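Open the model in your viewer and keep the selection panel at hand.

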Amino acid sequence: MDRTSPVPLYFQLSQQLEAAIEHGELTPGSLLGNEIELARRLGLSRPTVRQAIQALVDKGLLVRRRGVGTQVVHSQVKRPLELSSLYDDLAGAGQRPATAVLVNRLEPAPARVAAALGVPEGAEVRYVERLRSAHDEPMARLRNHLPADLLEPATEQLEETGLYRLLRAAGVTLHSARQTVGARAAAREEAELLGEEPGAPLLTMERTTYDDTGRAVEFGSHIYRASRYAFDFQLLVRG
């Protein structure tokens, strides 16, 4: 700790603990010990340690368990805003992705989906709804619509790999996408599905993906647990 720095000690400690979690030095399930012990070991006041721990609890990196203590949970997945799939992002982060297919069927396209895919309203489209988990912990609910003639994925395939991998395997060249990111509170049904409390913050993402001919090949409407997931932006300054 740099006691001469203008950066508060609690923030320095929370940053060091977060780095240790991200780099695997503090593994999921590790116990930090109680605040009194940590304060004594680090030469800090108990309020300073409590504030640092609370900052990481708020980020979803630590959890306080009654009778157990403060425990490390799996680090938050940070997804770059690029044309990639959640399955690949989780696999790349070493998060062991798993999928439960909730719906896999053909259905008439609602107006919003039809507009995104460039098909007539009521035209038949493929609708796929999945629950994506990592380390047996729910992360996101994924809803995707595709042109009916594009892909006929078996439920077993959707459980084993990502949708974009299946599209590429079918010869579809993913070229670009239009994407909108937002946030809202979880409805009761969504909270129950994702293991959150009703009203918990959710990240939302809508994406229309195009192939190399300019055809819309997928419209996705997804929700993510804000406590476990973040979108990562890189901004460039223009003079």
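Contact here means heavy atoms within 4.5 Å. The model is predicted. With that cut-off, select Leu 13: leaving out residues up to four places away in sequence, Leu 13 touches Met 1, Leu 42, Leu 44, Val 49 and Ala 52.

Next, widen the view to the largest nonpolar core. This core has 14 residues, and Leu 13, Val 49 and Leu 62 touch the most other members. At least two residues each are supplied by α1 (9-22), α2 (35-42) and α3 (46-58). The largest share, four residues, comes from α3. A second, separate core holds 13 residues, including Leu 146, Leu 166, Leu 174 and Val 217.

Now select α2. Which residues of α2 are buried? They are Glu 35, Leu 38 and Ala 39. Looking down the axis of α2, the buried residues fall within an arc of 100°, so they line one face of the helix. These buried residues pack against α3 and β1. Turn to the other side of α2 to find Ile 36, Arg 40 and Arg 41 exposed. Gly 43 follows α2 and has a positive phi, near 70°.

Last, select the second largest pocket, with about 160 Å³ of space. Its lining consists of Val 57, Gly 60, Leu 62, Val 63, Arg 65, Val 73, Glu 137, Arg 225, Ser 227 and Arg 228. Colour these by type: four are nonpolar, two polar and four charged. Strand β1 (residues 62-65) gives the largest share of the lining, three residues.

Methods
Residues are numbered from 1 along each chain as its sequence is written. This is a predicted model: local features need pLDDT of at least 70, side-chain atom pairs count only at pLDDT 80 or more; totals for chains, interfaces and linings use all residues. Side-chain values use heavy atoms; hydrogens and water are left out. On a 1 Å grid over the protein atoms alone, a cavity is a set of points where a 1.4 Å probe fits but cannot get out, and a pocket is an open set with protein on both sides within 12 Å along at least five of seven lines; lining residues have an atom within 4 Å of a point. Grid points are joined across faces, edges and corners, and a volume is the space filled by probe spheres set on the points. Ala, Val, Leu, Ile, Met, Phe, Trp, Tyr, Cys and Pro count as nonpolar, Asp, Glu, Lys and Arg as charged, and the others, Gly among them, as polar. A nonpolar core is a set of buried Ala, Val, Leu, Ile, Met, Phe, Trp, Tyr and Cys residues joined through side-chain atoms within 4.5 Å. Buried means under 20% relative accessible area, exposed over 50%, partly exposed in between (1.4 Å probe, protein chains only). The arc is that of the directions from the helix axis to the C-beta atoms.
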